[in-house]
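Keep the view open while reading.

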Amino acid sequence: AAMRETELKRTKTVCTYCGVGCSFEMWTRGRELLKVQPQPEAPANGISTCIKGKFGWGHINSEHRLTKPLIRDNGAFREAEWDEAYALIARRFGEIRGESGPDALAFIASSKCTNEEAYLMQKLARAVIGTNNIDNCSRYCQAPATESLWRTVGFGADTGSIADLEAAELLLIVGSNTAESHPVIATRMKRAAKLHGQKHIVADLRVNEMAERADMHIRPEPGTDLIWLNAVAKYILDSGHADMDFINDHVDCFEDYRDSLAKFTFEFAAERTGLSQDELQAIADNIIAAKTVCGVWAMGVTQHTMGADTATALCNLLVLTGNVERFGTGGYPMRGHNNVQGTSDFGCMPDRLPGYDFITDDGIRRQYEQAWGVDLTTRKGLNNHEMVNTIHDGDLRSLYVIGEDMGIVDSDALHVQSAFEKLDFFVVQDIFFTRTCEFADVVLPASPSVEKEGTFTNTERRIQRLYEVFPPLGDSRPDWRIITELANALGADWRYDHPSEIMAESTSLCDLMSGVTYERLAGFGSQQWPVREKGASGAERLYNDGTFHFKDGNARFHPVDWTEPTDQVDAEYDLHLNNGRLLEHFHEGNLTDETPGIVFKISQAFVEVSPDLAAERGLQPGSIVRLVSRRGAIKVAVEVTDRVSGHQLYMPMHGRANSEAINVLTSFEADKDTDTPAYKELAVRMEMISAD
Ligand code: SF4
């Protein structure tokens, strides 16, 4: 028994599956994971986890893991040693930069990777290659939310903490399938409802679990959230229930905002959204009655051509009612991946350095130039979405993508895949041979979260440390090591032996994080940015004293107007298809498909169909149908459920083959302000393949 004791190892790590940021200990023996053990001191989750955090670790020792670099030779991949792979990449990157300039290369960082890896990736692009063509997958999800918060309160992040969400009297949950996408936060919301009568108003096309439990569930027409949000704001203002003391003391642009609301009467809103005036009245009454309100939103708001404007309408409403700085209030875009927040925080954006400082800010850029020993370009960089079309145009020749199965998760996947075919040189770094790897020239085997050290930042800006649970499998390496070695192959002289050194460099340059230290993050320790005093715990709320992140310290209203969504239903494409996550699976399934118990529960792509539509079209549960959009077609099984209504369909994003993946159908239209694809604006027609 003593022998077995010594073999047992307990290591703290942070979950890799969503932005809640649950932390726990992993009990291991050798490469075997014995159990996931939550601890009461875990700051975001205490003793809770969900199915993914508890059981979704089949990927660690999967036989499908990449363990050797792969190089394409005469059309087929062969295994190679690291040195050969690095030498090839350095040579081809060098040639392309020599022929076409640094902007012919582009870099996509991963929101599954650590903050330290994000920092290195943007440093590689900017300091070693000389381009601002660097972005990350928040472009696919919450970039519009970040934009809306920049416009109104200043920082692109949750204004408060998970504790505020629990304390609020009212949650306004818009386009967020919280129970499946952020299960542990949803648990705390449900507990708040039970323990102190917290009210939930849920706006969603579909009766998801939060909608089912809500005090009020509304189902506006697709793409009309901005209208009812503005209408409710107008009513609150006109009826004298705006927080005028707060507005007079702390908010700019009030008159413009008031004028912009003029047309958003209940009558106008009811006509466009399909909601009744009674429903609109009830929403307004609930907001007026509640002393503390939090706005919670996710992809149902952001993945539209007016995603940023819709998120802004919600932020305006929170500002109008004084619900942005006190305990129990605020705006909460739910961050999807484990480190969506951190990957942007640490500078993987085309126009911003770590801490959201603009690359065009001469003073700040000079500090980086001095520290890195290079001149940095201020030429505008490309975001993910622009990269695809620039490849098609022939101006972008090489792409280096980390941990992102972009060929199937980006919208209009066939358009993206045909871009990949045009690349002169394509490097993909991942833990599995993804759909995207099929288009690569070199594939580099990376390590998952449990095989590396570093930090993640969760949805409430909380930075937490992860420790190495297992050594890297086979010849795979942690991403920070790969990026460092690649930079050195390209002529840099980077000497990082541990992620703590990368964090120390970053925090010495970035004001927002200047107080972050590995010592303070030890064990279950955490810090919430902004944190400027070494080792301090940081800020639970961003604007405690009514000072917002603008020069004059005031928040501001940002007027927004409504435009029609794209890809509308018509006689030919007569059904609206919505899409989102499943509780059991992570996105398209790369990671969770490696856990047999999870695959057993949900094994094939399916589409939810309402009982009315099933009756109308003669569909049975299990019928196989073809869904055809203006871009492509896929084949899926039917599930008949009253979670969806009428001519609206819902499909999980799980599915990786072109024959079943939702993004073969979605369009390349994007949010007009941030280029986030309008995944939720999608019309299809349905053709029967087999009825039973
Ligand atoms: Fe992981 Fe999110 Fe589940 Fe927590 S709620 S265990 S972070 S997937």
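The questions below go from domains to ligand, then to helix pairs and backbone details.

This is a predicted model, in which local features need pLDDT of at least 70 and side-chain atom pairs count only at pLDDT 80 or more, while totals for chains, interfaces and linings use all residues. Residues are numbered from 1 along each chain as its sequence is written.

Q: Into which domains is the protein chain divided?
A: Domain bounds come from an automatic or database domain assignment. Domain 2 is made of the pieces 70-139, 339-452 and 474-510. The others are domain 1 (2-55), domain 3 (143-334) and domain 4 (575-690).

Q: How many residues does domain 3 give to the contact with domain 2?
A: The centres of domain 2 and domain 3, taken over C-alpha atoms, are 36 Å apart. Two residues are in contact if their C-beta atoms, placed from the backbone, lie within 7 Å. Domain 2 gives five residues to the contact, and domain 3 gives four residues.

Q: Which class has three residues on the side of domain 2 that touches domain 3?
A: Ala, Val, Leu, Ile, Met, Phe, Trp, Tyr, Cys and Pro count as nonpolar; Asp, Glu, Lys and Arg count as charged; the others, Gly among them, count as polar. This side of domain 2 has one nonpolar and one charged residue, and the three are polar.

Q: Which residues come nearest to the ligand?
A: A residue is near a molecule if its C-beta atom, placed from the backbone, lies within 6 Å of it. There are 14 residues around the ligand. Those that come nearest are Cys 15, Cys 18, Cys 22, Cys 50 and Gly 53.

Q: Which elements give two or more residues to the shell around the ligand?
A: Helices (H or I, at least four residues) and strands (E, at least two) are DSSP runs, numbered from the N terminus. Two such elements qualify here: helix H2 (51-55) and helix H8 (183-196).

Q: Which domains each give at least three residues to the shell around the ligand?
A: By class, the shell holds eight nonpolar, five polar and one charged residue. The domains that each supply at least three are domain 1 (2-55) and domain 3 (143-334).

Q: How are H10 and H13 oriented to each other?
A: Axes are lines fitted to C-alpha atoms, for helices over the stretch in contact, and angles run from 0 to 180 degrees between N-to-C directions. Helix H10 (residues 225-238) and helix H13 (residues 266-273) have axes that come within 9 Å and cross at roughly 165°. Angles under 35 degrees count as roughly parallel, over 145 as roughly antiparallel, 65 to 115 as roughly perpendicular and the rest as oblique. H10 and H13 are therefore roughly antiparallel.

Q: How are H10 and H16 oriented to each other?
A: The axis of H10 also comes within 9 Å of that of helix H16 (residues 307-320), and the two cross at roughly 20°. By class, their contact has ten nonpolar, three polar and two charged residues. The angle is why H10 and H16 count as roughly parallel.

Q: How are H19 and H21 oriented to each other?
A: Helix H19 (residues 384-393) and helix H21 (residues 413-422) pack with axes 9 Å apart, at an angle of about 50°. H19 and H21 are therefore oblique.

Q: Which residues of H19 make the contact with H21?
A: On the side of H21, the contact is made by His 415, Val 416, Ala 419 and Lys 422. On the side of H19, the residues are Val 388, Ile 391 and His 392.

Q: Where is the cis peptide bond to Pro 530, and in which loop is Pro 530 found?
A: Most peptide bonds are trans. The bond from Trp 529 to Pro 530 is cis, with omega near 0°. Pro 530 is in the loop between strand S19 (526-528) and strand S20 (555-556).
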